[in-house]
Number of protein chains: 2
Amino acid sequence: MDGHLRNGVVEVGGNARQQFHDARGYGRPADGNEIRLARVEAAHLLLRGDLTAVVDHDGSADRLSFEEFFVASAAAAERFALRFLVYADLRDRGFYLAPARAGWPGAAEADNDLIDLIVPPRGTKPGDSEPAYRIAVVGERESLPADELANLTLAVVDEESEISYLETATPEFDGGTTYSLPAGITGSLIGDRVVVWDAPDGFYDHGFYGQPLEVREAIIDTAVQLSLVEAAALAAEGQLVLDDADDDQSEATTFTATEIAGDTSPDSPASYTAIRKQGRRVEGERFDRRLAVYRMLRDRQVVPKTGYKFGADFRTYNTVESVEDLPHSERLVRVVETDHAFDPRELSLDVRLAGGVRKRMVFALTGANGEIDWLSVSRLTP
Amino acid sequence: MDGHLRNGVVEVGGNARQQFHDARGYGRPADGNEIRLARVEAAHLLLRGDLTAVVDHDGSADRLSFEEFFVASAAAAERFALRFLVYADLRDRGFYLAPARAGWPGAAEADNDLIDLIVPPRGTKPGDSEPAYRIAVVGERESLPADELANLTLAVVDEESEISYLETATPEFDGGTTYSLPAGITGSLIGDRVVVWDAPDGFYDHGFYGQPLEVREAIIDTAVQLSLVEAAALAAEGQLVLDDADDDQSEATTFTATEIAGDTSPDSPASYTAIRKQGRRVEGERFDRRLAVYRMLRDRQVVPKTGYKFGADFRTYNTVESVEDLPHSERLVRVVETDHAFDPRELSLDVRLAGGVRKRMVFALTGANGEIDWLSVSRLTP
């Protein structure tokens, strides 16, 4: 049986409707028993020998073999080869999926320009029920806008044509860490850290703030080193004061640009200013974004600690009762700008590493005003 | 016992030579029983209570406690807090280590400006034998020049003052993959890949070139998709010709800029040119560097395949006899420019991921002329 390519769609007559559409979910019914196939569908039927050839009425009117139709389609339709590889892979996995093009079954679901394929639950047909996956086909060198990725499935085709699937979601943070800090903690700003020489009980052990300055047989065992982010967050709440900052100086409150949301009048302005200034010196305005994320997580009773060893900004613990009995940290958080574009290779690296240490990878899309959108990404086997 | 700070060095008299130097490897002998301590050594002895105070003859002549000496030293000496943390950690691990400063024991070994600490084998003293580790102390936000990192140990201090150690080396590649290609392979350039419709026996199964274009119940089972790098490498050797390239066109040989070493006269100039042009279009001049690395590895009988899933450029197999019986890939290779500077966080991410999948992380420092220096990095517990 031949197909007929007209206006980029392949028309097939005969018993195509019963044989291809009704039995196996290919194409879209047209007049009578005729169906219309998208190029990827026609190429798939050609490769399986279900179609004999496609007559190219858009061009030469030649009868094209699979190879010829594939080459012609790759020249005529954007990212055809990638879309075909993913279409074929999902067919092989037992799905009756549909290309997301206007008027196609299920296409109403494709409210996102990135969506290429609509995949109904296994065993059902496009349009019969809610899609199981809304698939964006992506080449490994394409760039992915962070703020458009929520709630879809990425099928990333690498340079050797292997496909990996990633699913995205918008997670919530809701922890149960209830340690409350005593007032009046003081510290010294030393380079990229703040040392609290005489930390109160539970500061590290229950609040999981900082890291003890420990040396075997030391005569001091109360010193705790804070990162600049931890220290700035505490100073912003008035819970930490630097021993050499004069918190009565009103000049210290003159922050105007990129104020962090909800933070216009910290209780210890000079300490907060000094720490934040040092943070910006070593990290630029990324420091403010990381600080906003840190503060929001603490506000939700989640404990963020450095994610350095995992290449992330933070690892997070939902509920810390004591460091001696520390739970597994559940998530890795990377802070990116709201208009960040992911390189699929970096995304793959982050997600793979997180999976390997049994954590969920979460991106904090953080605006200069401190507003945060969360995006989690994880591997998926359809 | 007090120390006396003069010109940035802490002098200690009494029985200091026996008690601190001879017994425990601190400092450098001076006149009589006196020793001279670097600041990190003096701080360590203060924190353990072995020194009572340090009299600051460089400044106020006050007797400084540990806390005061620490704050003063952090203000006076670059990266003091970081160096102290690493010094103390290695002391706790049982090493008698020495700061790498001119005239200090073992300091002659510190021929690299990055070296901060010289660590002799456990149980021996600085200068008695070859160092076990030559340590560069690095803050997590410092930038590390790739071409100065060979054969040292990085002690990276993260923002929360935790330390991780990385060791570097210069690995060799020497594989045993001996598949030899038949002549006369042709393919079609389709977007970011080249499809060889009628691949010869063993092309994929033994040479591990490309990836079969597979669909269940397909009528064609000889099609293999090559990445642009694989295809360009084959075309450069005259082993692959594009079916729509005219390899007699002499104009195609007019490459002059950034020629790849040893590759001035490919046997199939037009095919090579067309593939390389497409490679540069999608990847810029990075394509040429990756191609140089790919070709050198194949030349050493090592098989490079994409490292996309690991966030790397390649994973490598030393000896492939058949894909059916594929060994574990031994290394991940990331291609960087010769003057690349690593961000410790990215380095940590790469090395951790590689360790998690039991591979060695290797960086290919690749010049525009195709010259390659190899650098492997792995985690270490001293």
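This is a predicted model: local features need pLDDT of at least 70, side-chain atom pairs count only at pLDDT 80 or more; totals for chains, interfaces and linings use all residues.
In which crossing, right-handed or left-handed, does H5(B) pass H7(B)?

Residues are numbered from 1 along each chain as its sequence is written, chains are lettered from A and ligands numbered from 1 in the order in which they are written, and side-chain values use heavy atoms, with hydrogens and water left out.

Let us begin with the interface. Chain A brings 66 residues to the contact and chain B brings 67 residues, contact meaning heavy atoms within 4.5 Å. Glu160(A), Tyr308(A) and Lys309(A) supply 13% of the area that chain A buries against chain B, more than any other three residues; buried area is the accessible area (1.4 Å probe) that two parts lose on being put together, summed over both. Between the two chains that area is about 6400 Å², with 56% given by carbon and sulfur atoms.

The rule finds 12 salt bridges across this interface, each a side-chain nitrogen of Lys or Arg within 4 Å of a carboxyl oxygen of Asp or Glu. Arg48(A) forms a salt bridge with Glu217(B), their closest N and O atoms being 3.5 Å apart.

I now turn to the helices, which are DSSP runs (H or I, at least four residues) numbered from the N terminus. H5(B) passes H7(B) in a right-handed crossing, where the near helix is turned clockwise from the far one by less than a right angle. Residues of H5(B), including Leu228(B) and Ala232(B), meet residues of H7(B), among them Phe287(B) and Tyr294(B).

Definitions and conventions
Helices (H or I, at least four residues) and strands (E, at least two) are DSSP runs, numbered from the N terminus.
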